[in-house]
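Q: Hi! I have a structure open and would like to walk through it with you. Can we take it step by step?

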Amino acid sequence: ALIASSPYTTKQISNRFDYTVSPRHSLFLRYTLDKNHGNGPIGAPTMPSNWLVNSNWSDQSILGVTSILRPTLVNDFRFSYSWWKNRNLYPTTAECADCLGFDYPQVAISGTNFVMGHTLNAPQGRDYRTYQWSDNMSWQTGAHRFRFGGEWEMDITKGFWGFCDPACVTVYSLERTRQLAPGIAVPSSIRTIQDILQLPVLSMTVGFGDPTSPAPYQQGNATHNHRIRVFWQDSWRL
């Protein structure tokens, strides 16, 4: 039996500032921070060397200005900025120095939950920035209440994903090997990494190439997205 720690830490901060500029104009400013760090399996229980070290840092801020241009005409302006930094990495020596299969490629035994070595889902990371401007007008005239406006959103995304880096290997179990190939010399039991490495290979996936995301082709265009939205509506009393 193995008992391993799976720590998770988090920090959250949020603050809002409101200010009345004049009887016609008011503004607010809000900032939120969400920061966390954890270490654990990505699905079914596996060996700690196969766990994922996940960390996130998220900044969010927004500025809003409300202006009463006339008793029947109100304008709302918003600007928001957000940044999300995410990393999915292997355990380090400080977190898993004595773990079975530490710093090995991922090795799984077919038909069991045993998996050790680098998880197939790492290394992985992303840096995601969003800038968003919006402006909405509300106009009351007679029996009608018009609302119209639009927004412009700009996203900048960069990251990487090394799938099965350097490799993902699945070997036959001891029982299955004896059943399919009784003449193959295999250890009497599984006690060490060397016993596992003597089992025949069932499948193997090798990750290679540039892990950059978006892919290294016209990245200047692929990392930037612009979204423009406009709307108009009318509500009225019959």
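Q: Let's start with cysteine 164: is it buried or exposed?
A: Cysteine 164 is buried, since its relative accessible area is 4%. Buried means under 20% relative accessible area, exposed means over 50%, and partly exposed is in between (1.4 Å probe, protein chains only). Before we go on, this is a predicted model, where local features need pLDDT of at least 70, side-chain atom pairs count only at pLDDT 80 or more, and totals for chains, interfaces and linings use all residues. Residues are numbered from 1 along each chain as its sequence is written, and side-chain values use heavy atoms, with hydrogens and water left out.

Q: Thanks! Where is cysteine 164?
A: Look in the loop between β8 and β9 (167-171). Helices (H or I, at least four residues) and strands (E, at least two) are DSSP runs, numbered from the N terminus.

Q: And what is phi of cysteine 164?
A: Phi is near 50° there, a positive value in a residue other than glycine. Most residues other than glycine have a negative phi.

Q: What about phi of glutamine 218?
A: For glutamine 218, phi is near 50°, again a positive value in a residue other than glycine. Glutamine 218 lies in the loop between β11 and α4, and is partly exposed at 48% relative accessible area.

Q: What kind of peptide bond runs from serine 213 to proline 214?
A: That bond is cis, with omega near 0°. Proline 214 sits in the loop between β11 (212-213) and α4 (219-222). There is also a cis peptide bond between alanine 122 and proline 123, with omega about 0°. Proline 123 is in the loop between β6 and β7 (124-141). Most peptide bonds are trans.

Q: Switching to sheets: in what order do the 4 strands of the open sheet come?
A: The order is β6-β5-β9-β10, with mixed pairing. Two strands pair if DSSP finds at least two bridges between them.

Q: Which strands stand at the edges?
A: β6 (115-116) and β10 (201-206) do; each has a single partner strand, so one side of each is left without a neighbour in the sheet.

Q: How many bridges join β5 to β6?
A: There are 2 bridges, and the two strands run antiparallel. Alanine 108, for instance, has valine 115 in β6 as its bridge partner.

Q: Who else is in β5?
A: Glutamine 106 is in strand β5, which covers residues 106-109. Glutamine 106 is buried, with a relative accessible area of 9%.

Q: What does the side chain of glutamine 106 make a polar contact with?
A: The side chain of asparagine 50, at 3.1 Å. A polar contact is a pair of N or O atoms within 3.5 Å; within protein, one must be able to donate a hydrogen and the other to accept it, and residues adjacent in sequence count only if both atoms are side-chain atoms.

Q: Now glycine 150: which strand is it in?
A: Glycine 150 belongs to strand β8 (residues 144-161). With a relative accessible area of 21%, glycine 150 is partly exposed.

Q: How far apart are the C-alpha atoms of glycine 150 and serine 134?
A: They are separated by 5.7 Å, while the residues are 16 apart along the chain. Leaving aside neighbours within four places in sequence, the contacts of glycine 150 (heavy atoms within 4.5 Å) include Trp133, Ser134 and Phe231.
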